[in-house]
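Have the model open beside you as you read.

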Amino acid sequence: MLALGACACVGLTLALLLLYVAIKRDPDGGEPVATAMIEKRAAPQPAGGAAPAAPAEPRSQSTARQLESESGVVVVRQGAEAPGAIVITVPDSDAPAKLAPAPDSRLVERTRFGTLPRIGPGGETPAQIYARPLGPPPANKPAGRIALLVGGLGISQSSTSDAIARLPGPVSFAFAPYGSELERTVQRARGDGHEVFLQVPMEPFDYPDNDPGPHTLLAGPKASENAEKLSWVLGRFTGYVGIVNFLGGRLTADEAALTPLLREIAGRGLMVIDDGSSARSLLAASAARAQIPGLKVDRVIDSVPRADAIDKELERLEALARERGIVLAAASALPVSIDRITRWSAGLEAKGIVLVPVSAARGFRNPSSTGSLR
């Protein structure tokens, strides 16, 4: 009986040992296991027996290039992370055009009058670097183009803020040199896509009864003081494409007084705009002879600062743009002018009229002309 009990004990021990080994080898650790059969079936066919649609062909590289060149869409091709993929980034049409930062360290000269513009070591000029980019060409050929320069900004903070907030980005701005916080305000305008010009006060025929302000550039015997006055004006803020006269009927008719001023402006790589206020002005023509990029305003739209008169001038601008292809106009930063231009510009696209920055207008004019856009 003892031997039989010993054998039973040994047998039980062996059975428990075998069970332990079996559990340790089981990846499920002795948990209940269920086995299921997975059957692979064909995808259901569409009703009527039609064959399933073939997978879309991947967009070709030539299509991407076509989008890039014709539509102004930036096409970015991914690398190893997504081989063969094409990512298309569509720019936001409402976003302001991005202007080059100002001041550009290549284009500045530190003087006792402040930071003055200059030509860069590689020939870069403020007229080129600070201009608003023209952007991709319109899908359809325009019926005409209009460049519009709004001046007198920087003096009234409310009018200046209104112009920056409401006027379309292609409208160029001209800032007077007398406002407060000019650098900050100018950079805000540029941040919203507006290229800027500097208004230079010049002697009118009825000076000093009609006084453009301190540091006015003068004709006649006092013209010798103009170099220092011009330096003061040029140092008022940075980031401007060029200069535009403020008044100046007498000075702009005096070529002897203009010549040294234009020589200084040419050496600083600036553009010159004649504001069209004087029929006797030689400013744009003299600039062209000095090989300075320059233009003369064709129409001043708010000489009569009434809404109905401004609207008629804007209609006249459209007709001139269709007739000539390009027209350059000027206006002041009056509340009524800002309001009428804002309303008018909203309907230009439907008429096939394109607004362009003043710096770009020169590229659309007749190359045989000097100063005028005709």
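What volume does the second largest pocket have? It comes to about 600 Å³. Before going on, keep in mind that this is a predicted model, where local features need pLDDT of at least 70 and side-chain atom pairs count only at pLDDT 80 or more, while totals for chains, interfaces and linings use all residues. Residues are numbered from 1 along each chain as its sequence is written, and side-chain values use heavy atoms, with hydrogens and water left out.

Now for some terms. On a 1 Å grid over the protein atoms alone, a pocket is an open set of points with protein on both sides within 12 Å along at least five of seven lines, a cavity is a set where a 1.4 Å probe fits but cannot get out, and lining residues have an atom within 4 Å of a point. Points are joined across faces, edges and corners, and a volume is the space filled by probe spheres set on them.

Back to that second largest pocket: 34 residues line it, and the closest to its centre are Gly152, Gln199, Phe246, Asp275 and Ser332. Strands S5 (144–153), S8 (240–247) and S12 (326–332) each supply at least two lining residues; strands (E, at least two residues) and helices (H or I, at least four) are DSSP runs numbered from the N terminus. The lining splits into 19 nonpolar, 12 polar and 3 charged residues. Here Ala, Val, Leu, Ile, Met, Phe, Trp, Tyr, Cys and Pro count as nonpolar, Asp, Glu, Lys and Arg as charged, and the others, Gly among them, as polar.

The largest cavity holds about 70 Å³, and strand S4 (114–117) gives the most to its lining, with 3 residues. That lining has 8 nonpolar, 3 polar and no charged residues. The second largest cavity has about 40 Å³, and its lining is 10 nonpolar residues, with no polar and no charged ones. Helix H8 gives the most here, with 4 residues.

Finally, find helix H11 (335–345). Of its 11 residues, 8 are buried (under 20% relative accessible area with a 1.4 Å probe, protein chains only; over 50% is exposed, in between is partly exposed). Among the buried ones are Arg340 and Trp344. What covers them? The cover of H11's buried residues includes S5, S12 and helix H10 (307–324), in contact meaning heavy atoms within 4.5 Å.
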